[in-house]
Amino acid sequence: MTARDDKPKLSRAHCLDLLRHMIRVRMFEDKCAELYTTEKIRGFLHLYDGEEAIAAGVIPVLQLRDRIVATYREHGHALVRGLPMANVMAEMYGKFEGVSAGRGGSMHLFDAETNFYGGNAIVGGGLPMATGLALADKMRAEKVVTVCFFGEGAAAEGEFHESLNLAALWSLPVLFVCENNCYAMGTALDRSESETDIHAKAACYQIETEAVDGMDVVAVEAAARRAVHSIRETDKPYFLECRTYRFRAHSMFDAQLYRDKAEVEEWRSKGPIVRFQGWLAKSGIAHPEDIEKIESDVKEEIEEAVAFAEAGSWEPVEKLTRWVYAERA
Amino acid sequence: MAKRIIKAETVQITYREAIRKAICEAMHQDERVFLMGEDVGRYGGCYAVTKGLLKEFGPERIRDTPLSESGFTGAGIGAAIGGMRPIVELMTVNFSLLAMDQILNNAATIRHMSGNQFGVPLVIRMATGAGRQLAAQHSHSLEGWYAHIPGIKVLAPATLEDARGMLWTALDDPDPVLIFENVMLYNMEGELPANAGPVNIEKAAIRREGRDISLITYGGSLWKTLEAAEALAREGIKAEVIDLRTLRPLDDTTIIASVAKTRRAVIVDEGWRSGSLASEIVTRIVEQAFWRLDGPIARVCSEEVPIPYPQHLEQAAIPQAEKVVAAAKNLLSK
Amino acid sequence: MAEFRMPSLGADMEAGTLTDWLVKAGDTVQRGDIIAVVETQKGAIEIEVFQEGVVEDFLVQQGTRVPVGTPLAIIRGELEEAPTAKPTLEAEPVGRREEEPVRQAARPVVALRRTEGELRASPAARKLAEELSVDLSLVTGTGPGGAIVAADVESAAEAAGAPARLKRPKAAETQKAIAAAMEHAKREIPHYYLSTTINLEPAMNWLEKTNAARAVPERLIHGVLYIKAMAQTLRNFPELNGYWVEGEFRHSEAIHTSIAISLRGGGLVAPALHDADRKDLDTLMGEFRDLVMRARAGKLRSSELSDATITITSLGEEGVDSVFPIIYPPQVAIVGVGTVVKRPWQEDDNVSVSRVVTLSLAGDHRVSNGHRGALFLRALGELLQQPKAL
């Protein structure tokens with residue numbers, strides 16, 4: 001590890017990595033949309049289109065022993081973190097081979113191996129848990145960072161404030177990452193917050209805080225490196241507000257009556273993949289064949305994942321009531 | 001040589017002190033154990049349970065929290081997942097409502113939702129019950145609500161042994177355990193073996209044997225029920241008193257064996273009658289011992305009213321020994 | 001070639017109305033293109049296509065509401081589109097188990113095992129046993145786990161043969177029961193009615209002569225003649241003897257005639273004489289007497305109340321010429337007998353005064369018809385002309 005690991009190194013390999021993460025997530029989400037319309041995936045489906053730069057910028061900065069808490073819009077985070085796509089897809093289908101054994105579905109992806117703590121469907125519900133994970137690490141003097149992703153809608157919940165307060169008061173190694181996509185389901189930020197500057201709220205709790213362009217993967221990575229470095233050095237929490245936009249609806253069943261099509265189109269034109277890919281092409285770092293290879297590799301991976309999910313098994317109904325309590329040896 | 005009878009050493013102790021001893025012992029035995037809650041440290045605990053512990057264990061392990069029930073209960077959940085064995089003290093069940101989201105949507109469900117990848121070995125202690133004229137917002141008995149939820153365990157220690165011994169077993173459990181301490185019991189004093197240790201958290205206990213009727217109860221109502229049994233005995237009615245001890249899971253075996261023997265039952269439960277834990281027990285008896293019954297089953301619960309402030313009204317609202325006696329005699333009359 | 005179907009857009013979306021097509025036939029579409037607008041309970045949602053190709057055919061017109069999954073259009077794939085699945089992907093499913101259509105085994109409720117000498121009887125059974133003086137320990141139970149339920153006690157009481165002491169229902173209750181039965185009969189059974197007046201002189205003459213030679217207790221009443229005649233005639237008219245059960249007619253080989261008996265203090269009961277066609281008049285008379293006595297004392301057996309395959313009702317004492325009776329379900333016919341009156345009677349070309357009686361038949365038109373009914377009445381009438389044959 002170099003002394004200055006708080007700055008991104010934009011080598012060709014790394015750039016293609018970042019791009020690959022984002023394209024992989026985008027194409028996966030697109031496939032999920034299709035599978036949802038044909039009723040292969042059921043329940044609720046919340047897609048990450050437009051926000052890929054945040055997961056791609058933050059998560060690779062972490063180490064395997066760091067912990068991640070996310071929301072119901074967590075497919076991108078799971079994939080970037082390294083949960084196998086096939087098992088994630090199987091979970092979406094509800095198959096036993098899914099990451100949560102099919103029991104959770106789209107909103108509850110969990111993985112012990114990669115310290116991935118969901119997948120939480122209660123807005124704001126993951127923040128207290130993140131402070132607790134950090135508390136455990138601190139009490140045992142483990143040098144671990146807990147990253148907690150949530151949307152700006154959580155800023156209205158009491159648990160947001162309670163958690164920020166606790167993290168600051170007890171000096172807990174939490175990186176709070178607010179993915180501010182301007183809409184909490186159908187409610188625009190200025191209709192629900194008297195103070196719309198989210199990271200300013202965190203500052204009120206005496207937390208080191210930053211706002212960053214969430215559509216710029218390099219900016220996000222840079223901010224994430226600064227934040228993680230700071231937490232590891234100071235053992236104090238950090239707050240990152242990433243300003244982004246959600247290209248698709250809140251979930252599949254959303255007529256988007258609350259926003260303008262023109263607004264969506266405008267953000268699409270400034271989207272993370274469009275911008276980064278454009279810049280890479282312009283600077284000669286990436287060539288068309290690189291993009292093609294990424295896309296075809298991902299396409300293949302997705303097809304295999306779908307086939308795996310299709311072929312997966314349904315947990316027998318007799319096992320219904322297992323895993324409510326720990327099974328006795 | 002005459003046999004020397006060695007009397008086991010006992011100590012005079014209160015319910016509150018028994019819990020304190022249990023916490024102390026757990027924290028000495030296992031460095032993963034720590035306690036957090038409102039005013040547990042400097043203040044010494046709302047009910048003085050944790051008095052002196054801050055000095056003994058320090059502020060990291062006896063951790064005062066801000067008034068953030070949801071926040072610090074969720075933190076307890078996270079800490080438990082992360083490898084600690086936290087004891088979260090929610091001042092009373094009345095305030096636990098602010099933490100219900102964390103308890104139900106996280107603590108109770110994470111093992112299942114994650115496909116058994118993560119468990120939550122968390123203990124939550126709360127005071128519960130009425131009797132100190134604290135009025136409607138400070139007098140609830142909601143342990144029956146919690147007993148409704150799959151994924152957690154719910155205990156109600158009513159005796160000194162259980163106050164002393166349930167905590168360790170609960171801390172050892174890989175799943176969340178809620179312990180309800182009735183406010184009227186904290187001052188209860190008695191003798192306890194000096195070497196009292198952990199007790200099981202799965203079985204109900206027969207506190208008094210009898211043949212004529214089963215009186216089934218838990219927590220603060222146990223002592224009123226025993227009083228009732230004594231009064232009934234003076235009239236020639238031999239009542240059997242069962243202390244449930246664990247409200248989830250319920251110990252069907254002990255309950256059913258008793259009712260099968262006596263053929264009659266009164267359930268005493270400080271929750272409100274409608275949708276009470278008592279209703280659940282009545283149903284289980286009907287399901288499993290119908291053919292043994294010699295009459296309907298009675299419940300003595302709190303009346304359908306928010307707990308009032310004046311003493312005479314508060315006492316009229318909650319179960320009393322006289323009500324249990326009347327209910328029992330009614331079932332045994334022609 | 002692929003079908004573009006109405007997509008599921010939400011957990012609670014069951015159908016959608018296609019309001020606009022945003023492409024025309026012949027347009028080329030790419031994956032992700034918005035192809036149509038669908039109106040749902042949440043508002044209008046633009047839907048995208050996930051296939052590439054040329055729009056060929058629309059299957060659903062604008063403005064149509066269709067369920068999720070309904071094909072909306074045909075999209076013809078480009079020729080150069082290779083099958084996306086590589087051969088290896090069609091390999092055996094990994095770790096696949098057939099979806100087991102298993103019901104969840106019902107969690108067995110821990111039932112108390114029956115201990116030695118333990119009698120399991122429901123509260124209702126115990127109460128009934130007390131009323132009917134039934135010894136529970138002799139009863140076989142058919143309830144859950146072999147427990148004794150009320151019906152078991154009733155069966156035991158009947159099988160014991162001892163006349164089950166039927167509590168004499170209060171008048172109001174009887175009335176209610178009759179009302180319910182009659183309402184049911186009139187509502188469910190399509191009745192047809194026939195009547196015929198016959199010359200009863202031969203029968204009455206024979207009866208008077210026979211009775212004159214007997215002691216009073218052994219005398220026959222003319223009612224018994226009707227019963228026997230009817231029972232005998234019924235042998236040739238199976239469609240009038242039996243039960244209408246669960247939507248079909250079940251003919252009865254045995255002929256159990258029931259007689260409507262009015263009770264003192266109001267009320268009506270119609271107990272059966274079993275196998276009336278096989279018994280001689282004297283036997284029938286004896287049984288009839290016994291029935292009436294027991295009916296009035298409230299001591300009928302339940303089999304007597306439930307076994308009748310046909311009923312005969314007489315209003316002779318009341319003085320009406322003819323009776324238009326209502327069938328007692330589940331029977332399918334009922335015979336009515338009016339008052340015996342003296343009327344001018346024509347035979348051959350002679351007119352004389354004779355005792356005549358009007359016999360009527362109400363039949364269930366689901367089972368029999370007027371033609372057969374008429375034949376029955378005629379046969380009955382003819383049989384009554386030859387009392388010695390009874």
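Analyst: Let's start with a term: a salt bridge is a side-chain nitrogen of Lys or Arg within 4 Å of a carboxyl oxygen of Asp or Glu. This is a predicted model, where local features need pLDDT of at least 70, side-chain atom pairs count only at pLDDT 80 or more, and totals for chains, interfaces and linings use all residues. On bookkeeping, residues are numbered from 1 along each chain as its sequence is written, chains are lettered from A and ligands numbered from 1 in the order in which they are written, and side-chain values use heavy atoms, leaving out hydrogens and water.

User: Okay, how many salt bridges does a search of the whole structure find?

Analyst: Over all chains, the search turns up 63. Take Lys293(A) and Asp297(A), whose closest N and O atoms are 2.6 Å apart. Both sit in helix H11 (residues 288–311) of chain A, four residues apart, or about one turn of the helix. Helices (H or I, at least four residues) and strands (E, at least two) are DSSP runs, numbered from the N terminus.

User: And what does the salt bridge of Lys329(B) and Glu235(B) tie together?

Analyst: That one has an N to O distance of 2.9 Å. Lys329(B) belongs to helix H13 (residues 321–332) of chain B, while Glu235(B) is in the loop between helix H9 (221–234) and strand E11 (239–243), so the pair connects parts 94 residues apart in sequence. For accessibility, buried means under 20% relative accessible area, exposed over 50%, and partly exposed in between (1.4 Å probe, protein chains only). Lys329(B) counts as partly exposed because its relative accessibility is 33%, and so does Glu235(B) at 46%.

User: Which residues join Arg248(A) in a network of salt bridges?

Analyst: Asp30(A), Lys31(A), Glu34(A) and Asp49(A) from chain A, plus Arg31(C) and Glu48(C) from chain C.

User: Is Glu240(B) buried or exposed?

Analyst: Glu240(B), in strand E11 of chain B, is buried because its relative accessibility is 1%. To see its polar partners, look for polar contacts (a pair of N or O atoms within 3.5 Å; within protein, one must be able to donate a hydrogen and the other to accept it, and residues adjacent in sequence count only if both atoms are side-chain atoms). The side chain of Glu240(B) has such a contact of 2.8 Å with the side chain of Ser258(B). A polar atom of the Glu240(B) side chain also lies 3.1 Å from the backbone nitrogen of Gly210(B). Plain contact means heavy atoms within 4.5 Å. Beyond four places in sequence, the residues in contact with Glu240(B) include Ile206(B), Arg208(B), Leu215(B) and Lys261(B).

User: How much area do chain B and chain A bury between them?

Analyst: Buried area is the accessible area (1.4 Å probe) that two parts lose on being put together, summed over both. Here chain B and chain A bury about 3200 Å², with 63% of that on carbon and sulfur atoms. His112(B), Met113(B) and Phe118(B) supply 19% of what chain B buries against chain A, more than any other three residues. The contact takes 44 residues from chain B and 36 residues from chain A.

User: Now inside chain B: which domains does the assignment give?

Analyst: Domain bounds come from an automatic or database domain assignment. Chain B gets domain 1 (10–193) and domain 2 (205–332). Their centres, taken over C-alpha atoms, are 26 Å apart. Domain 1 of chain B brings 30 residues to the contact and domain 2 of chain B brings 24 residues. The area buried between these two domains is about 2100 Å², and carbon and sulfur atoms give 57% of it. Gln133(B), Ala147(B) and Ala156(B) supply 24% of the area that domain 1 of chain B buries there, more than any other three residues.

User: How many salt bridges cross between domain 1 and domain 2 of chain B?

Analyst: Two of them. In chain B, Arg207(B) also forms a salt bridge with Asp162(B), with the closest N and O atoms 3.1 Å apart. Between the two domains of chain B, 16 residue pairs are in polar contact. Helix H7 (143–146), strand E6 (153–155) and helix H8 (160–172) each supply at least two residues of the domain 1 side, and E6(B) has the largest share of that side, three residues.
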